[in-house]
Amino acid sequence: MSKPRGSFRDRHGRGLRRPLLAGKFRFGAAVTKDFNDEVERSVGYLKYHFPKRFEHLQFKVLDHGPIRSDGEVMRWACDIEAFGIVIFRLPLERLGHSKRPDAEHERLHIEYAVFEAAAALIDVDVMWLFETSERDAD
């Protein structure tokens, strides 16, 4: 009689082994969808609070962008002709920080990148977006 398929994993009476990286990483579409949802929420916030300036704002999320001639990896880009911003997911997720301890810090990091790109698009300081709301002025 042969042993069941999983029994080879029980060596020396130590019990079944688990995958080496179990639970440490999220894989596949879930990560991308969460990132895209956060970018979409941030753009929605801008459109709501600055309807005159960002009513026609377009956005796109790409995995990565070009590397500049000085070696810097771009985290976002502006397209003035199309009035749009492009957010690069992998540089934002992997570069520029040592650790973000929770999902809230990750969300704030993405939101700030969207705000930076939008501020550059309309040529204002990014802090202006945090301090102002056209909706309050109406």
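User: How many helices and how many strands does the protein have?

Analyst: In this predicted model, the protein has six helices and three strands, and read from one end of the sequence to the other they follow the pattern α-α-β-β-β-α-α-α-α.

User: Why is glutamate 111 called buried?

Analyst: The relative accessible area of glutamate 111 is 18%, and buried means under 20%, so glutamate 111 is classed as buried. This residue is found in helix α4, which covers residues 103-122.

User: Which residues is glutamate 111 in contact with, leaving aside its neighbours within four places in sequence?

Analyst: With those neighbours set aside, glutamate 111 is in contact with Glu38 and Ser42, where a contact requires heavy atoms within 4.5 Å.

User: What makes threonine 32 partly exposed?

Analyst: Threonine 32 has a relative accessible area of 27%, and since partly exposed lies between the buried limit of under 20% and the exposed limit of over 50%, threonine 32 is therefore called partly exposed.

User: What share of the protein's residues is buried, and what is its accessible surface?

Analyst: Of the 138 residues in the protein, 26% are buried, while the accessible surface comes to about 10,000 Å², with 54% of that surface belonging to carbon and sulfur atoms.

User: Among contacts between residues at least 6 apart in sequence, what percentage join residues at least 24 apart?

Analyst: Within that set of contacts, 60% join residues at least 24 apart in sequence.

Note on methods
Residues numbered from 1 in each chain as written. Predicted model: local features only at pLDDT ≥ 70, side-chain atom pairs only at ≥ 80, totals over all residues. Heavy atoms only, no water. Helix = DSSP H or I, 4+ residues; strand = E, 2+ residues; numbered from the N terminus. Buried < 20%, exposed > 50% of the residue type's maximum accessible area, 1.4 Å probe, protein only. Areas by Shrake-Rupley, 256 points an atom, 1.4 Å probe, with all protein chains shown as cover.
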